[in-house]
Amino acid sequence: MRELTLVFQHADFYALNKPAGAPMHANEHEPSVIHQLAAQLDETLWPVHRLDTPTSGVLLVARNAQAAAALSQLFAERAMRKSYLALAAGKPKKKQGWVVGDMDKVRRGNWRLLHSKNNPARTYFTSTAIATGYRLYQLQPHTGRTHQLRVALKSLGVPIVGDSRYGGEAHPNLHLHAWQLAFTYAGETFQISAPLPDYPLFNHAATKAALAN
């Protein structure tokens with residue numbers, strides 16, 4: 001079992017760089033990432049939010065029940081500013097702007113984006129060409145729906161590399177990374193980042209240059 005790495009420590013919470021493939025819920029092969037970290041640190045921990053199993057990046061974990069309630073409330077009130085990175089092949093319908101629409105659950109746990117906007121998922125994004133045929137997407141979800149970012153890029157005609165569920169280019173790993181969380185907690189402002197995954201496209205010089213600007 002892989003060792004988990006912390007990217008930030010606070011008296012009330014940890015920020016973990018969640019590896020791709022680490023589950024939020026225990027399965028027959030491995031424990032939940034929260035229980036694994038608790039065992040690794042020999043400390044009781046509380047979940048605050050979740051990331052899909054194949055998604056890597058910043059995951060907050062509370063160290064006491066009061067912090068768990070307060071941090072969960074920040075997510076519920078959309079006071080957490082979330083930034084994700086994704087890589088996709090092909091030409092998108094647009095290179096930046098909003099993706100807004102209701103989400104509808106379809107077969108086998110998949111979702112699709114609708115044109116209706118009664119209770120829409122909202123994502124703002126920008127993109128940069130980083131290699132022949134590939135673009136880096138910086139995504140800021142303003143809502144927190146299941147598969148929201150994966151469905152957003154699918155709706156633009158550019159499913160994420162490694163996203164077999166939504167027709168992305170074949171790769172062992174989903175190229176979706178929870179890059180940064182910015183928030184104010186107990187009167188202090190935090191911006192916490194997770195190192196990029198060790199995949200060739202994320203380590204491309206053009207990717208690093210785009211993120212440095």
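Asp 163 is buried in the predicted model, with a relative accessible area of 1%, where buried denotes under 20% relative accessible area, exposed over 50%, and partly exposed the range in between, computed with a 1.4 Å probe on protein chains only. Asp 163 forms a salt bridge with Arg 150, and the closest N and O atoms of the two are 2.8 Å apart; a salt bridge is defined as a side-chain nitrogen of Lys or Arg within 4 Å of a carboxyl oxygen of Asp or Glu. This pair links distant parts of the chain, Asp 163 being in the loop between α3 and β11 (176-185) and Arg 150 in helix α3, 13 residues apart. Helices (H or I, at least four residues) and strands (E, at least two) are DSSP runs, numbered from the N terminus. Arg 150 likewise counts as buried, at 7% relative accessibility.

The model is a predicted one, in which local features need pLDDT of at least 70 and side-chain atom pairs count only at pLDDT 80 or more, whereas totals for chains, interfaces and linings use all residues. Residues are numbered from 1 along each chain as its sequence is written, and side-chain values use heavy atoms, with hydrogens and water left out.

Arg 150 also forms a salt bridge with Asp 52, with the closest N and O atoms 3.4 Å apart. Because Asp 52 lies in the loop between β3 (46-47) and β4 (56-62) and Arg 150 in helix α3, the pair ties together parts that are 98 residues apart in sequence. Asp 52 is buried, with a relative accessible area of 14%, and a further salt bridge joins Asp 52 to Arg 50, the closest N and O atoms being 3.2 Å apart. Arg 50, by contrast, is partly exposed, at 45% relative accessible area.

Pockets were identified on a 1 Å grid over the protein atoms alone, a pocket being an open set of points, where a 1.4 Å probe fits, with protein on both sides within 12 Å along at least five of seven lines, and lining residues having an atom within 4 Å of a point. The largest pocket holds about 640 Å³ of space, a volume being the space filled by probe spheres set on the points, which are joined across faces, edges and corners. Its lining comprises 25 residues, of which Lys 82, Tyr 84, Thr 143, Gly 144 and Arg 145 lie nearest the centre of the pocket. At least two lining residues are supplied by each of α2 (65-76), β5 (81-89), β10 (134-141) and α3 (148-155).

The second largest pocket has a volume of about 220 Å³, and its lining includes Lys 93, Trp 98, His 115 and Leu 156. Strand β6 (residues 97-101) provides the largest share of this lining, three residues.

UniProt, in an unreviewed entry, places the feature "domain: Pseudouridine synthase RsuA/RluA-like" at residues 13-154; UniProt annotations may be inferred rather than shown by experiment. Over residues 13-154 the chain is 20% helix and 38% strand, with the end C-alpha atoms 34 Å apart.
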